[in-house]
Amino acid sequence: MPTTPSRDTVLCISLAGRPGTFGVRFHNHLYQQLGLDFYYKAMRTDDLPAAVAGIRALGIRGCGVSMPYKEACMALVDEIDPSAAAIESVNTLVNCNGHLKAYNTDYLAVRQLLAQHQVDPGTAFALRGSGGMAKAVASALRDAGFAEGIIVARNEQAGRQLADVCGYRWVPEPGDICPPMLVNVTPIGMAGGLEAEELAFPEHAIAAAERVFDVVAMPAQTPLIRRAQALGKPVITGLEVIALQALEQFVLYTGVRPTREQVDAAVAYARAT
């Protein structure tokens, strides 16, 4: 990132109902470290079609898309990458001379993490959630060969639909289920939320699980992750997801892939308060 942006500085943004700071700090830190004339800014909007039209008209290079805009963006772009088309949910827009292409790097990040952690596709799981991010995670599990899964969602229509699309079954509450892997894709445990101190799954399910995956990134140590680690369970954290998906966005926007050390430094900077 240049000390003083110039007329040639390339702008990237994010759109979110509740804009955060991780992406801003992550991207701008890497721009500065790599000497790239880019700048990243978080925004929100009450008029999504106008905002997307502005991305196209103003030559904004890239845009991260968060809730509640992930599904609504689908109809506003020119091309949809398979990573987004398969789950009908978008989290990244790339502008190539006015042509907007949509991706889902959440999906790509989860696929990478399952491989990196060497999670056996034969592992049965319960996934709690039914929103846009839940679609990305459930679809990544399905496409990685995980055949036995349960979608836990209070919203019956959304839960059943996600379960049907992915070939899993739906239940409204965790109840007595105790699968080998638990996956939380809800705001339960998120800092600042109404359920910040709650566990996404019952104690007995966590104790019986072989692995726990919590997509919530803030805080990195959610109540679910802390409890699983206290029991000696392997975990996959939301911080890993957000870092990988942000990295893939960075590559899409700039065409540059940073080193592991540079990414680690950017994540540490983004997490600092």
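Helices (H or I, at least four residues) and strands (E, at least two) are DSSP runs, numbered from the N terminus. This is a predicted model: local features need pLDDT of at least 70, side-chain atom pairs count only at pLDDT 80 or more, and totals for chains, interfaces and linings use all residues. Residues are numbered from 1 along each chain as its sequence is written, and side-chain values use heavy atoms, with hydrogens and water left out.

**View 1. Two loop residues with positive phi.** Glutamine 118 sits in the loop between helix H4 (105-116) and strand S7 (125-128). Its phi is near 55 degrees, a positive value in a residue other than glycine. Glutamine 118 is exposed, at 71% relative accessibility. (Buried means under 20% relative accessible area, exposed over 50%, and partly exposed in between, with a 1.4 Å probe and protein chains only.) Glutamate 88 belongs to the loop between helix H3 (82-85) and S5.

View 2. The bond from methionine 218 to proline 219 is cis, with omega near 5 degrees. Proline 219 lies in the loop that runs between strand S11 (211-214) and helix H8 (223-230).

**View 3. An open sheet of six strands.** The strand order is S2-S1-S3-S5-S6-S4, and the pairing is mixed. Two strands pair if DSSP finds at least two bridges between them. Strands S2 (38-43) and S4 (79-80) form the edges, each pairing on one side only. Strands S3 (residues 62-65) and S5 (residues 92-96) run antiparallel and are joined by three bridges. Glycine 64 has threonine 92 of S5 as its bridge partner.

**View 4. Helix H9 across the sheet.** Helix H9 (residues 238-254) lies across strand S1 (10-15), S2, S3, S5 and strand S6 (99-103). Contact means heavy atoms within 4.5 Å. H9 runs at about 10 degrees to S5. Axes are lines fitted to C-alpha atoms, for helices over the stretch in contact, and angles run from 0 to 180 degrees between N-to-C directions.

View 5. Beyond its neighbours within four places in sequence, valine 137 contacts Val110, Leu127, Val183, Val185 and Val215.

**View 6. Salt bridges.** The structure holds 13 salt bridges. Each is a side-chain nitrogen of Lys or Arg within 4 Å of a carboxyl oxygen of Asp or Glu. Arginine 56 and aspartate 78 meet at 2.5 Å, N to O. Arginine 56 lies in helix H2 (residues 48-58) and aspartate 78 in the loop between S3 and S4, so the pair ties together parts 22 residues apart in sequence. Arginine 56 is partly exposed at 29%, and aspartate 78 is partly exposed at 41%. Glutamate 156 and arginine 160 meet at 2.7 Å, N to O. Both lie in helix H6 (residues 156-166), four residues apart, about one turn of the helix. Salt bridges with shared partners join Glu79, Asp81 and Lys101 into one network.
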